[in-house]
Amino acid sequence: MLYFISDLHLSPAVPGITALFLDFLASLPGRQASSLYILGDFFDHWVGDDDCTYPYNARIIAALRQAADQGIELNLLHGNRDFLLGQDFATAAGLRLLPDPYVLSVVTWQFVLSHGDILCTDDRDYQAFRTQVRGAAWQGEFLAKPLAERKAIAAALRQRSEAIKAEKRDGADYLMDVNAATVEDFLRDNGYATLIHGHTHRPDRHDHIVDGIHCERWVLADWRQEVSRAWGDCLVWDGETLQRESLQRPLA
Ligand code: MN
């Protein structure tokens with residue numbers, strides 16, 4: 001069984017989601033899972049692998065390592081919040097970093113995995129920002145700053161992004177979803193595989209006809225914490241069908 005999750009936005013601010021994820025991870029061997037694919041924004045923010053020792057992060061890394069040691073193949077591709085997760089983190093957690101997009105071929109099917117932000121091309125401001133922060137120059141300069149300063153910059157960027165999101169909700173909501181023509185090009189470029197992505201926080205299953213070929217696009221939900229309960233979402237491939245499973249856990 002293959003499991004796909006996305007957009008957990010793990011941080012000490014969401015203990016309910018953290019507990020739900022740790023339970024879910026521990027349940028994978030019993031679920032006959034062979035692999036877990038984490039499709040980005042696993043952490044709410046990541047400012048560099050020297051933060052692996054921060055106690056919250058160390059706890060998550062130890063849990064991942066334990067799952068890996070139990071034989072679960074762990075894979076992660078970057079989101080827009082945690083694109084600085086690097087090889088030191090991957091080694092410590094026992095997981096493999098995947099490029100975005102990543103074509104996943106299994107015996108009977110072909111998937112293409114992405115965080116999904118590259119598909120949101122209507123948002124030109126974001127795409128320009130993305131190009132900048134994914135470049136070696138920006139990353140080199142950023143990672144050279146002291147950890148505390150990087151955390152402060154990340155907090156400021158988050159605040160700005162929340163403000164921009166609130167603004168877009170008031171009028172330009174479409175900016176936060178994928179662009180249909182971009183999705184078609186993406187599917188064409190990736191062999192009309194079944195696309196799984198997150199990022200938009202709009203869980204659904206869409207049909208696309210590209211060059212006369214029927215393609216599916218599955219969108220994962222973000223994990224949420226409410227007053228009394230945390231909610232998660234995963235997709236499960238059993239070798240024949242892809243199915244959505246809702247996860248939940250009462251807050252302690
Ligand atoms: Mn995202």
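1. Two residues are in contact here when heavy atoms of each lie within 4.5 Å. The model is predicted. Leaving aside neighbours within four places in sequence, Leu187 is in contact with Tyr192, Ala193, Leu195, His208, Val210 and Cys215. Leu187 lies in helix α7. Its relative accessible area is 0%, so Leu187 is buried. Ile213 is 26 residues away from Leu187 along the chain, and the C-alpha atoms of the two are separated by 10.0 Å.

2. Tyr192, one of the contacts of Leu187, belongs to the loop between α7 (180–189) and β7 (194–197). The phi angle of Tyr192 is near 60°, which is a positive value in a residue other than glycine. For background, most residues other than glycine have a negative phi.

3. Asp211 also has a positive phi, near 55°, and is a residue other than glycine. Asp211 sits in the loop between β8 (204–210) and β9 (213–219). With a relative accessible area of 47%, Asp211 is partly exposed.

4. The bond from Asp100 to Pro101 is cis, with omega near 5°. As a general point, most peptide bonds are trans. Pro101 is placed in the loop between β4 (95–98) and β5 (102–106).

5. Next, a helix pair. Helix α1 (residues 15–27) packs with helix α2 (residues 55–69) at an angle of about 15°, and the axes are 10 Å apart. Because angles under 35 degrees count as roughly parallel, α1 is roughly parallel to α2. The crossing of α1 and α2 is left-handed. On the α1 side the contact is made by Thr18, Phe21, Leu22 and Leu25, and on the α2 side by Tyr56, Arg59, Ile60, Ala63, Leu64 and Ala67. Sorted by class, this contact has eight nonpolar residues, one polar and one charged.

6. Which residues touch the most other members of the largest nonpolar core? They are Phe21, Phe24, Leu36, Phe42, Leu64 and Phe89, out of 46 residues in that core. Two or more residues each come from β1 (2–5), α1, β2 (35–38), α2, β3 (73–77), α3 (87–93), α5 (136–143) and β11 (229–237). The most come from α2, which gives seven. Phe21 and Leu64 also take part in the contact between α1 and α2.

7. Apart from neighbours within four places in sequence, Phe42 is in contact with Leu8, His9, Leu10, Phe21, Ile60, Leu64, Leu76 and Asp82. There is also a second, separate core of 16 residues, and Leu2, Leu104, Leu235 and Trp237 are among them.

8. Leu247 is part of strand β12 (residues 242–250). Its relative accessibility is 6%, so Leu247 counts as buried. Setting aside neighbours within four places in sequence, the contacts of Leu247 are Leu20, Phe24, Arg31, Trp223, Ala230, Trp231, Gly232, Asp233 and Cys234. Between Leu247 and Val103 the separation is 144 residues in sequence and 26 Å in space, taken from C-alpha to C-alpha.

Technical notes:
Residues are numbered from 1 along each chain as its sequence is written. This is a predicted model: local features need pLDDT of at least 70, side-chain atom pairs count only at pLDDT 80 or more; totals for chains, interfaces and linings use all residues. Side-chain values use heavy atoms; hydrogens and water are left out. Axes are lines fitted to C-alpha atoms, for helices over the stretch in contact, and angles run from 0 to 180 degrees between N-to-C directions. Helices (H or I, at least four residues) and strands (E, at least two) are DSSP runs, numbered from the N terminus. Angles under 35 degrees count as roughly parallel, over 145 as roughly antiparallel, 65 to 115 as roughly perpendicular and the rest as oblique. A crossing is left-handed if the near helix is turned anticlockwise from the far one by less than a right angle, and right-handed if clockwise. Ala, Val, Leu, Ile, Met, Phe, Trp, Tyr, Cys and Pro count as nonpolar, Asp, Glu, Lys and Arg as charged, and the others, Gly among them, as polar. A nonpolar core is a set of buried Ala, Val, Leu, Ile, Met, Phe, Trp, Tyr and Cys residues joined through side-chain atoms within 4.5 Å. Buried means under 20% relative accessible area, exposed over 50%, partly exposed in between (1.4 Å probe, protein chains only).
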